[in-house]
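Here is a quick tour for anyone meeting this protein for the first time. Have a look at the sequence and the fold, then read on.

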Amino acid sequence: MRAVIALAAAILSTAAAASSPDAWKASDARATAACLKASGLTRATVAGRTGFDDRSGQDALLVQGRWPQKHMAGKPGTMLCLYTRATGRALVAEAAGWGVRR
């Protein structure tokens with residue numbers, strides 16, 4: 001019985017710590033860094049973000065910057081990034097026409 005109570009206490013304390021403001025700030029920083037890198041854009045910034053609940057465990061970030069390829073001549077680019085909090089994996093796809101016009 002003590003083991004069950006100890007396990008329950010550990011789970012509850014972990015859940016409480018995971019939802020603290022500092023934990024969310026750290027999670028946002030990890031998502032930002034992963035998405036900026038995955039975008040491949042230069043001078044990239046996050047133009048928008050939304051976090052889904054724990055059922056999906058993902059955040060969606062809109063990343064804007066400049067295409068680095070020489071033939072693109074530094075034209076603006078926009079990427080949609082899906083960041084999986086549990087794995088730290090960032091997947092991106094071009095989101096032409098999304099976001100703030102430059």
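What follows goes from the overall layout to the sheet, the core and the salt bridges.

Keep in mind that this is a predicted model. The protein has 2 helices and 4 strands, and from the N terminus on they run α-α-β-β-β-β. Of its 102 residues, 23% are buried. The accessible surface comes to about 7000 Å², and carbon and sulfur atoms account for 62% of that. If you take the contacts between residues at least 6 apart in sequence, 40% of them join residues at least 24 apart.

Now for the strands. They make an open sheet with antiparallel pairing, in the order β1-β2-β3-β4. At the edges sit β1 (42–51) and β4 (89–94), each of which pairs on one side only. On average, neighbouring strands of this sheet are turned by 25° against each other, direction ignored. Strand β3 (residues 76–84) pairs with β4 over 6 bridges, in the antiparallel sense, and Leu80 stands opposite Ala93 in β4.

Next comes the core. The largest nonpolar core has 11 residues in all, among them Ala31, Cys35, Leu61, Trp67 and Tyr83. Two or more residues come from each of α2 (21–39), β2 (58–66) and β3. Cys35 is a handy place to start looking: leaving aside residues up to four places away in sequence, Cys35 touches Leu61, Val63, Cys81, Tyr83, Ala90 and Val92.

Which residues are linked in a network of salt bridges? That would be Asp54, Asp59 and Arg85. The count for the protein comes to 3 salt bridges, and here they are:

| Salt bridge | Closest N to O distance |
|---|---|
| Arg55 and Asp53 | 2.6 Å |
| Asp54 and Arg85 | 3.4 Å |

Asp54 and Arg85 form a salt bridge that links distant parts of the chain: Asp54 is in the loop between β1 and β2, Arg85 is in the loop between β3 and β4, and they are 31 residues apart.

In the remaining pair, Arg55 is exposed at 77%, while Asp53 counts as partly exposed at 40%.

Notes. Residues numbered from 1 in each chain as written. Predicted model: local features only at pLDDT ≥ 70, side-chain atom pairs only at ≥ 80, totals over all residues. Heavy atoms only, no water. Buried < 20%, exposed > 50% of the residue type's maximum accessible area, 1.4 Å probe, protein only. Contact = heavy atoms within 4.5 Å. Areas by Shrake-Rupley, 256 points an atom, 1.4 Å probe, with all protein chains shown as cover. Pairing = 2+ DSSP bridges. Axes fitted to C-alpha atoms, helices over the stretch in contact; angles between N-to-C directions. Core = buried A, V, L, I, M, F, W, Y, C linked by side-chain atoms within 4.5 Å. Salt bridge = Lys/Arg side-chain N within 4 Å of Asp/Glu carboxyl O.
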